[in-house]
Amino acid sequence: MAFEPPQRLVRALGESAPDGDDWVERLPETAEQAVALRELTVERVQVPGGRSSLVVLVRRADGTPAVLKLAPARARPESERAALAHWEGRGAVQLLEPFATEGVLLLERLHPDVSVRSLPEAKALLEAAGALRRLWVEPPGDHVFETVAERTGRQASVMRGASAEVAGLVSAALEARESLLAAPPEERLLHGTFRQSKVLSGVRSPWLAVGPDPVVGECAFDLARLVRDRVEDLIASPSGAATTRRRIKRLAESLEVDQERLRGWTLFRAVESGVRALRVGRPKDAELLLEFAGWL
């Protein structure tokens, strides 16, 4: 079978690829080798798929359905592997092989086309929040995961070079970050990139999280990305700003997170995403994100 990378993946990796990175060009050969090594039968490549990895629906030698995931080093697949191993399937998709092949993960098969995003908004938020709560555990004592301070520090450095037109929002976001990091309330293993589309329907559990970019820090950081889910609908609504404030309050209360800390991290993450969208040439996405950030 020809492992043709979905265009969504090619475009997304093209936005962030360092000079000389030929991972996408080598991907068909890498996928063929991974399949042969594990004696897998390929069903299909998941399309449109994600923005940082190739996802292939496969069957193992005994007929068990599974997912083969291949990701470049810059997507931190080994960090994902370590987090999934630590969770051991509690709230998240399960690893199916004990050994590690760099950049390749064999995972349990969920229902790839059914995420909580398919539910009505209120129900989707409730189910997503419930799945997220299960992931917030103590990190391993010898962990090498990136911390919230480290990750947002890298992001803040880039944000400081943003154009003058977004300087006010960037300044507010950076001030919020400094204040939040002055007294972080806890250290938990976090999903890192959690949103409704990252929670899929499963067999052994109704909803399980996939695709973590794990980080260690406070729970409010993880929850912040969920606040802006379906941002296009929020922006299109005349009551979008009020709905956002209610969402922050409801999520903070249901997951016992400080409301102001959640608001602060929501601001930082929205501005960071908006600035990044501007930088890589996605002005429509940037406009939505920065308008949303202005409500905070």
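**A buried glutamine and its helical surroundings**

In this predicted model, Gln-196 has a relative accessibility of 0% and therefore counts as buried, a class that requires a value under 20%. Gln-196 is placed in the loop that lies between strands β6 (188–190) and β7 (199–201). The side chain of Gln-196 forms a polar contact with the side chain of Arg-230, at 3.0 Å. When residues up to four places away in sequence are not counted, Gln-196 touches Ser-115, Val-116, Arg-117, Ala-124, Leu-125, Leu-226, Asp-229 and Arg-230.

One of the residues touched by Gln-196, Leu-226, also takes part in the contact between helices α7 and α9. The axes of α7 (residues 219–227) and α9 (residues 240–254) come within 10 Å of each other and cross at roughly 145°. The crossing of α7 past α9 is right-handed. On the α7 side, the contact is made by Leu-223, Leu-226 and Val-227, while α9 contributes Thr-244, Arg-247, Ile-248, Leu-251 and Ala-252. Sorted by class, the residues of this contact are six nonpolar, one polar and one charged. An α-helix has 3.6 residues a turn, so residues three or four places apart point the same way.

Helix α7 also holds Cys-219. The relative accessible area of Cys-219 is 7%, and because this value falls under the 20% limit, the residue is classed as buried. Leaving aside neighbours within four places in sequence, Cys-219 is in contact with Trp-136, Glu-186, Arg-188, Leu-190 and Val-257. Cys-219 was also compared in position with Lys-69: the two residues are 150 residues apart in sequence, and their C-alpha atoms are 27 Å apart in space.

A further helix, α10, covers residues 259–279. Helix α10 has 21 residues and reaches 30 Å from its first C-alpha to its last, close to the 30 Å expected at 1.5 Å a residue. Of the 21 residues of α10, 15 are buried, so this helix is largely enclosed by the rest of the structure. The N-terminal end of α10 is capped by Asp-258, of which a side-chain oxygen lies 3.1 Å from the backbone nitrogen of Glu-260. After α10 comes Gly-281, which has a positive phi, near 85°.

Conventions:
Residues numbered from 1 in each chain as written. Predicted model: local features only at pLDDT ≥ 70, side-chain atom pairs only at ≥ 80, totals over all residues. Heavy atoms only, no water. Axes fitted to C-alpha atoms, helices over the stretch in contact; angles between N-to-C directions. Helix = DSSP H or I, 4+ residues; strand = E, 2+ residues; numbered from the N terminus. Left-handed = near helix turned anticlockwise from the far one by under 90°. Contact = heavy atoms within 4.5 Å. Nonpolar A, V, L, I, M, F, W, Y, C, P; charged D, E, K, R; others polar. Buried < 20%, exposed > 50% of the residue type's maximum accessible area, 1.4 Å probe, protein only. Polar contact = N/O pair within 3.5 Å; in protein donor to acceptor, adjacent residues only side chain to side chain. Expected span 1.5 Å × (residues − 1).
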